[in-house]
Amino acid sequence: MLCERCSRNQATTMLTQRVGGRTVTEHLCAECAYKGGFSSLFNGFPFDQMVANLARTHRASGKRCPSCGSSLEEIVESGRIGCSECYTVFRRELMPTIENIHGKAAHIGKRPLHRKEEPPKRLLLAQLRDDLQKAVQEENYEKAAQLRDEIRGMADPE
Amino acid sequence: MEKWYRQPPHQGDIGISTRVRLARNVKQFPFKEKISSSGQIQLNQMVKSALKRMDLGHNKFGFIELQELSELERIALLEQNLVSRTFLTKPENRMLVLSEDHSVSIMVNEEDHIRIQVLRSGMDLEGAYQLCNKIDDILSETLDFAFDDTLGYLTVSPTNLGTGLRASVLLHLPALERIQIIPQLMKTVSRMGLVIRGSYGEETGVIGSAYQIANQVTLGLSEQMEISNLQNIVRQVMESERGARADILNNIEVIDEICRSYGILKYARMITSKEAYAHLSNVRLGVSERILEEVSLETLNQLLNSVGEATLSVRANQHLNARERDLDRARLIRDLI
Ligand SMILES: [Zn+2]
Ligand SMILES: [Zn+2]
């Protein structure tokens, strides 16, 4: 069987994952499987048309990242971001893709050592409470208990 | 120093190995497609000097310029899961930091600037993450990582945004496979936001009944939550595998198959990798369920990491053809089993 993504190499991996709310099983070559089946990140999802349109508009506007020179078109084509600054320059355009992969979410994990200042706690708590409610609705009690602990831990020092 | 796979595995009856990796990029350099080669060389130096400050106990880091390895040596690293395929495509200016026991491998100038990977025998997500985290702390004392308050650690691919943490456990699921509920399991697991994969050969089904379960979402969850979500689901899969094993092992045909596999591994003079993986899988089931007492899981783990084509050639110090590999593979297995 040939790889269902690149149609070039022999498929050697069966990969099942959730993409845009659906369960998808694919048979991929080692190379495509390593990329997590996400090699054509901006293709094959319902919103790629949207991103492609944006890219076209951008080509007309000629907007480029001042730091690394990437255009949105280049990013869409390669599925790879040019530099950390690109995330600021093209944030609005990249957000639909990011939300499709991770859901509407903000980072709550580790921070680099020298950047200890926390994002506003209020926002984090709101996010956690949302998640908790969802976990309870889904009857995912293990997750709910975890979230409850996390919320308690955050509320503690005050 | 003994390699990581010789360590006694946690939950080794089903857990083969655990892998945790963190993706990091350094703010001052553009990402992969845009970084200059002088930037790459500078990055290698920075990582090297940062890691000099790390105390690994008896374990030590080696620093390897990928270009200085032979093609075979590089592929052997891939076979042993110490580097990614992407890492090997263009060896120029790429550096691998490898601990003596091979449990830590840090790829510098891979897709992301830095990928820290820790391997553990059996299922040990906590242990693997803790070490990854410690290495990340040491690196971030001197390196300024690209980070955003909302998006977390910034990565080349948006799929890794947030924690940059990818954790996976490789599970041995021969009984679930035999009672044919793997497709159902794959659906359930992916519904929980995880990815499940198996490597398979042409007509043999998944090689060695080994399935890897990994987290997928990296944004909006803390590292601890990612790890414990994965842990919970892996535990449930393990429980169902244990249940299925209790059923199928009442069957003398299954026991017979296990013991025949042991016989083949113990006495064969030539063996292909496909055959070896299939029999190693059967023997593994036999050892886990105490049907075979003669072999240890540690030995089986060592064999899994030793019978790859390139690995055998590197070991023999010459390029082996297929026939020579089959001879060497059979000899290595006979020696250890
Ligand atoms: Zn492919
Ligand atoms: Zn840029």
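This is a predicted model: local features need pLDDT of at least 70, side-chain atom pairs count only at pLDDT 80 or more; totals for chains, interfaces and linings use all residues.
Residues are numbered from 1 along each chain as written, with chains lettered from A and ligands numbered from 1 in written order. Local features need pLDDT of at least 70 and side-chain atom pairs count only at pLDDT 80 or more, while totals for chains, interfaces and linings use all residues; side-chain values use heavy atoms, leaving out hydrogens and water.

Me: How many residues does chain B bring to the contact?
Reply: Contact here means heavy atoms within 4.5 Å. Chain A puts in 51 residues, and chain B puts in 65 residues.

Me: What area is buried between chain A and chain B?
Reply: Buried area is the accessible area (1.4 Å probe) that two parts lose on being put together, summed over both. Carbon and sulfur atoms give 55% of it, and the total is about 5,100 Å².

Me: Which residue of chain B does Lys110(A) form a salt bridge with?
Reply: A salt bridge needs a side-chain nitrogen of Lys or Arg within 4 Å of a carboxyl oxygen of Asp or Glu. That rule finds 6 across this interface. For Lys110(A), the closest N and O atoms are 2.6 Å apart, and the partner is Asp136(B).
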